[in-house]
Amino acid sequence: MDYEDDIYDLSLLYEEQHADFTEDLAFHEQLAREAAGRVLELGVGSGRVALHCASRGFTVDGIDLNASMVERANQRAVEAGLRERFKAFQGDVRSLPAGQQYKLAIFPFNSICHLLTETDLQACLAAVYASLLPGGVFVPSLFLPDPLLFTRNPESLYPVADFYSESRQEHMVIYEQASHNPLTSLTTHSWFFDGDSTEETFNRSFTLRVWHIQELVDQLVRTGFTVKQLYGDYAFQAADAASVALSLRCVKDR
Ligand SMILES: C[S@@+](CC[C@H](N)C(=O)[O-])C[C@H]1O[C@@H](n2cnc3c(N)ncnc32)[C@H](O)[C@@H]1O
């Protein structure tokens, strides 16, 4: 991920924007319960999922590229009295540190789409595979993009989020300009943050890879995983053609 101004430097705003997104918490909690062992969250952010699992008694390590996210996640762990069960580390999911091995690795909330090339994806999958114990489980989750994204006018602004920011004491709206390159399967997003109490607006840009499920399955199998299930929601139901929130249950058999 090569950002000029990393959107994830806005860790407090990220947290406030997604505070209401709780749909996947029980799903990850259940995966941690089944794993009955140490959990690794890839792209942990400010700890939305990891802190929930730690609060339910599971031991979680988180890794994230962004220093601001890591600092915020660790601060929240201290504030919640969960320091014994959750720690975040700064690092890259394409080269996980050797040593600790896990029963479960999760990659929630579309973070896998920050891996922009096949080389990045392969490096990450190999690193995850190496960091799992035999029988360990890997569950990446992603959203299928709204097809309108591919036909939008790249000059037009579309609202994507609307929330109250405690830290800024103002109501924020985020508008997006987005364009898709069908040759590279990359989408470029520019987000314009507009608060209602000041004239100031600021923007951040980021790029995501639109991974097709079959591409992911192929790379997972090539890495050595057995892909056991493709879920289409956070209630462990099998995916169908209408599903938009997908999770893959992958197992390191030996
Ligand atoms: C969409 S956020 C998800 C945060 C958190 N998992 C959640 O569910 O709220 C994506 C996170 O992935 C991190 N990230 C992106 N590329 C990464 C990489 N190569 N290695 C580690 N973290 C990365 C970003 O810094 C960001 O915090």
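Predicted model: local features only at pLDDT ≥ 70, side-chain atom pairs only at ≥ 80, totals over all residues.
Residues are numbered from 1 along each chain as its sequence is written, and side-chain values use heavy atoms, with hydrogens and water left out.

Let's begin with charge. Side chains of opposite charge can pair when their charged atoms come close. Searching the whole structure gives 12 salt bridges, a salt bridge being a side-chain nitrogen of Lys or Arg within 4 Å of a carboxyl oxygen of Asp or Glu. One of them joins Asp-92 to Arg-94, with N to O at 2.6 Å. Asp-92 is buried, at 19% relative accessibility, while Arg-94 is partly exposed at 25%. Here buried means under 20% relative accessible area, exposed means over 50%, and partly exposed lies in between (1.4 Å probe, protein chains only).

Now find Arg-152 and Glu-176, whose side chains form a salt bridge at 2.7 Å, N to O. This pair links distant parts of the chain, 24 residues apart: Arg-152 sits in the loop between strand 5 (132-143) and strand 6 (158-165), and Glu-176 belongs to strand 7 (residues 170-181). Strands are DSSP runs (E, at least two residues), numbered from the N terminus. Glu-176 is buried, with 5% relative accessibility, whereas Arg-152 is partly exposed at 21%.

In the salt bridge between Glu-215 and Arg-209, the closest N and O atoms are 3.2 Å apart. Elsewhere, Glu-15, Arg-72 and Arg-76 are joined in a network of salt bridges.

Next comes the sheet. Strands of a sheet pair through backbone hydrogen bonds, either parallel or antiparallel. In this model, 4 strands make an open sheet in the order 6-7-8-9, and their pairing is antiparallel. Strand 6 and strand 9 (201-209) are the edge strands, each pairing on one side only. From one strand to the next, the twist averages 25°, with axes fitted as lines to C-alpha atoms and angles running from 0 to 180 degrees between N-to-C directions.

Two strands count as paired if DSSP finds at least two bridges between them. Thr-187, for example, has Leu-208 in strand 9 as its bridge partner.
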